[in-house]
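Here's a quick look at how two chains meet, and at how one of them is built. Have the coordinates open while you read.

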Amino acid sequence: MTPAAPIAIINGRVICPASGQDGIATILLQDRMVAGIGHAEPPSHAQVIDARGLVVAPGLIDVGVFRAHPPACHAGGITRVVLMPDQSPPLDDPALVAYAQGSGKPDVWVHPLAAATRGLQGVELAEIGLAQAAGAVGVATGRRAIADARVMHRLLAYARAFGLTVVSHAEDAALTAGAVATSGEYATRLGLAAAPAFAEALAIARDCRLAEATGAALHIRQVTTAEGLAALLAARARGVDVTAGITPAHLLLNDMAVSGFRSFARLSPPLRHERDRLAVIEGVRSGAIDILASGHDPQSQEDKRQPFADARAGMAGAQTLLALGLGLVRDDVIDLPRLIAMLSLNPARRFGLVAGTLQLGAPADIAVFDEHAPWRIDGRMFHGAGNTPFDGLPTAGRVRMTIKGGELAWQC
Amino acid sequence: MERAPSHPALADGVHPFPHEHLLGIAQLKPWEIAFLIDESEQWVEMNRSRAAKHDERLRGLTQINAFFENSTRTLLSFEIAGKRLGADVVNLGVSGSSLKKGETLLDTALTLNAMHPDMIVIRHGSSGAVQLISEKVDCPVLNAGDGRHEHPTQALLDALTIRRRKGRIAGLKVAICGDILHSRVARSNFQLLASMGAEVRAVAPPTLLPDGLDGYAVTSFTDMDAGLRDADVVMMLRLQTERMEGAYVPSPREYFRFYGLTEARLARAAGDVLVMHPGPMNRGVEIESAIADDIARSAVSEQVEMGVAVRMACLDVLTRRRRGVKGWA
């Protein structure tokens with residue numbers, strides 16, 4: 001393959017949280033890397049892209065997706081994903097991890113999380129050391145928490161030795177067994193099996209304590225409640241190496257969204273009460289929550305067009321991640337560089353990826369977007385399955401160009 | 001006797017029941033509830049007559065009773081109701097359904113719809129399933145119970161029973177006792193009784209009380225003696241056997257000791273208390289046999305009787321538009 005021609009993106013607002021760069025600049029991409037940033041004239045043979053009025057940022061790194069669908073990722077400015085082990089079959093074998101790691105190249109790089117336990121059953125440790133050698137960037141408990149504290153304790157101790165971050169699903173397994181909603185008035189009115197919101201805090205407190213005891217690195221994939229956030233901050237104050245993520249759905253929707261039995265709003269963890277939603281927005285503002293992720297987990301029509309409790313949990317999120325995240329900037333919760341850090345630099349740092357920056361020599365993964373362009377979310381226009389609880393919502397912020405490895409992968 | 005509050009829009013020829021389906025009490029305004037109860041009265045009289053109990057108004061219409069969850073009483077009640085109005089009634093039982101063959105619920109709904117029924121009565125084990133089906137078919141759908149969500153005809157028949165016995169619903173103290181958590185009957189009744197002006201209490205062990213009952217304007221009690229104090233109506237709920245073997249309550253005998261309806265406990269209620277139960281009863285677990293059989297106080301048989309009348313009224317009212325009844329087209 002002949003090397004791609006250099007690309008020079010000029011006149012854009014270049015934001016790189018790692019270096020603190022934020023201003024109009026030219027960025028030169030060559031040999032799949034960032035080759036220059038500043039105000040120099042681009043070389044004459046470079047392909048020049050005028051990004052006037054647009055933001056030029058590191059390609060987004062989406063942590064904890066269940067599917068890596070390149071067209072959906074590119075349309076969302078996503079150039080790398082950290083893939084959950086809940087595949088079919090689960091990523092509990094080094095060969096499966098190696099296969100997953102190569103599955104997205106060259107369009108979207110997939111950084112797999114290995115299954116923490118065999119078959120994600122939460123009973124026996126999987127070969128996570130070998131999985132790391134095969135390309136796993138961390139290990140994950142999967143869609144569910146590991147119910148048995150002893151297994152979780154051993155997992156954290158073992159993962160620590162390999163320097164692997166453990167990604168946990170924070171819902172107490174017994175309290176949430178069979179539940180499809182958060183306890184409260186809406187779940188009661190609809191007659192849905194529900195679990196108390198504090199099931200999250202119990203899980204976070206337990207996992208943080210175990211991480212403290214073992215010195216392991218822990219990432220709570222989604223923190224969605226005030227109490228859960230408090231448990232996280234208490235652990236962090238004790239010096240526990242714990243980070244946390246969240247999805248736009250839990251920042252923008254509360255449990256009212258399930259009224260009318262809208263199965264598109266069936267998510268895991270379930271949508272929470274309004275006071276919890278407001279608390280996690282504060283968690284983003286304060287920096288307690290490090291990573292914003294799409295939770296991309298599209299489901300087929302057959303799996304969603306079911307009575308609420310029988311429908312599968314999950315939503316398509318890759319194409320709406322940036323636009324919904326920009327809502328936090330418009331609402332003055334965080335500024336644009338912080339948002340970009342939550343979407344690229346922080347994920348890269350947590351999982352040891354050489355990405356998420358625009359510094360010289362960094363991979364030429366770039367998202368160019370118009371932070372103000374209005375559009376209406378329409379699930380029918382999505383690549384792949386289009387089940388989103390945000391269907392029909394007017395929003396703003398469109399990805400204009402996604403560059404992966406120095407090549408233009410997508411533009412609109 | 002209490003009559004329907006006047007509908008604000010009725011003067012302009014709007015009929016008093018604008019809904020296409022009967023999915024739950026939640027969608028109904030108080031005057032719409034009262035209208036359905038009023039409409040039921042005529043069928044009580046007809047059902048009691050020793051002469052031929054038949055009315056031809058649904059002649060030629062097809063009623064499908066699609067029961068995806070086992071039921072004897074409700075199915076029979078809907079079948080009799082349809083037949084007494086002259087409809088052609090067919091029953092699709094759980095054993096005859098294709099769901100076991102892997103067909104999705106919506107495909108089953110489309111199959112039923114393709115047979116051009118004029119009304120479909122559905123019971124399903126999942127909350128919201130009946131609403132989902134109603135969105136895909138072209139005829140009125142009646143909810144005969146969906147999961148823990150709603151059982152609107154049960155609440156209507158309970159209201160008819162109470163109104164006939166007590167002459168009113170507004171102002172009565174109604175205690176609903178037992179497995180509230182899993183009960184669609186309780187949820188429909190909370191909404192109906194509160195919207196008709198009753199003072200509603202939920203009485204249950206804490207493990208069987210769901211969160212968020214304040215939203216219904218319902219007061220919760222875990223002490224049954226306190227919950228029954230001065231009650232005008234005591235509505236007992238069935239507690240399924242598998243839930244009293246340690247999962248939610250320790251044992252049937254402990255449950256009966258603290259939450260069973262006994263003479264001694266009932267003495268705390270109003271002197272003319274009315275005892276109700278949606279059936280089937282667990283005698284000796286949630287209710288003492290002597291109380292269940294005391295026709296002066298127990299309305300259990302009457303509830304079954306009112307059930308047929310209420311279901312006749314619902315089938316009649318929901319098909320008026322398609323039958324071209326004057327004023328309903």
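## What the area figure means

Buried area is the accessible area, taken with a 1.4 Å probe, that two parts lose on being put together, summed over both. Keep in mind that this is a predicted model.

## Where the chains meet

Putting chain B and chain A together buries about 1,500 Å², and carbon and sulfur atoms give 54% of that area. On the chain B side, B:Ser127, B:Asp211 and B:Tyr216 lose the most area to chain A, together accounting for 26% of what that side buries. Counted by contacts, 21 residues of chain B touch 16 residues of chain A.

What about polar pairing? There are 0 salt bridges between chain B and chain A, but 7 residue pairs are in polar contact across the interface, with both partners at pLDDT 80 or more. As for secondary structure, α3 (105-114), α4 (129-134) and α6 (184-195) of chain B each bring at least two residues to the side that touches chain A. Of the elements there, α4(B) gives the most, with 3 residues. Sorted by class, that side of chain B has 7 nonpolar, 10 polar and 4 charged residues.

## Chain A on its own

Chain A has 13 helices and 18 strands. Its radius of gyration is 21 Å, close to the 22 Å that the globule rule gives for 412 residues, so chain A is as compact as a globular protein of that length. The C-alpha trace of chain A spans about 65 × 45 × 40 Å along its principal axes.

Inside chain A, 59% of the 412 residues are buried. Among contacts in chain A with a separation of 6 or more, 69% link residues 24 or more positions apart.

Terms used: Residues numbered from 1 in each chain as written. Chains lettered and ligands numbered in written order. Predicted model: local features only at pLDDT ≥ 70, side-chain atom pairs only at ≥ 80, totals over all residues. Heavy atoms only, no water. Contact = heavy atoms within 4.5 Å. Salt bridge = Lys/Arg side-chain N within 4 Å of Asp/Glu carboxyl O. Polar contact = N/O pair within 3.5 Å; in protein donor to acceptor, adjacent residues only side chain to side chain. Helix = DSSP H or I, 4+ residues; strand = E, 2+ residues; numbered from the N terminus. Nonpolar A, V, L, I, M, F, W, Y, C, P; charged D, E, K, R; others polar. Rg over C-alpha atoms; globule rule 2.2 N^0.38 Å. Buried < 20%, exposed > 50% of the residue type's maximum accessible area, 1.4 Å probe, protein only.
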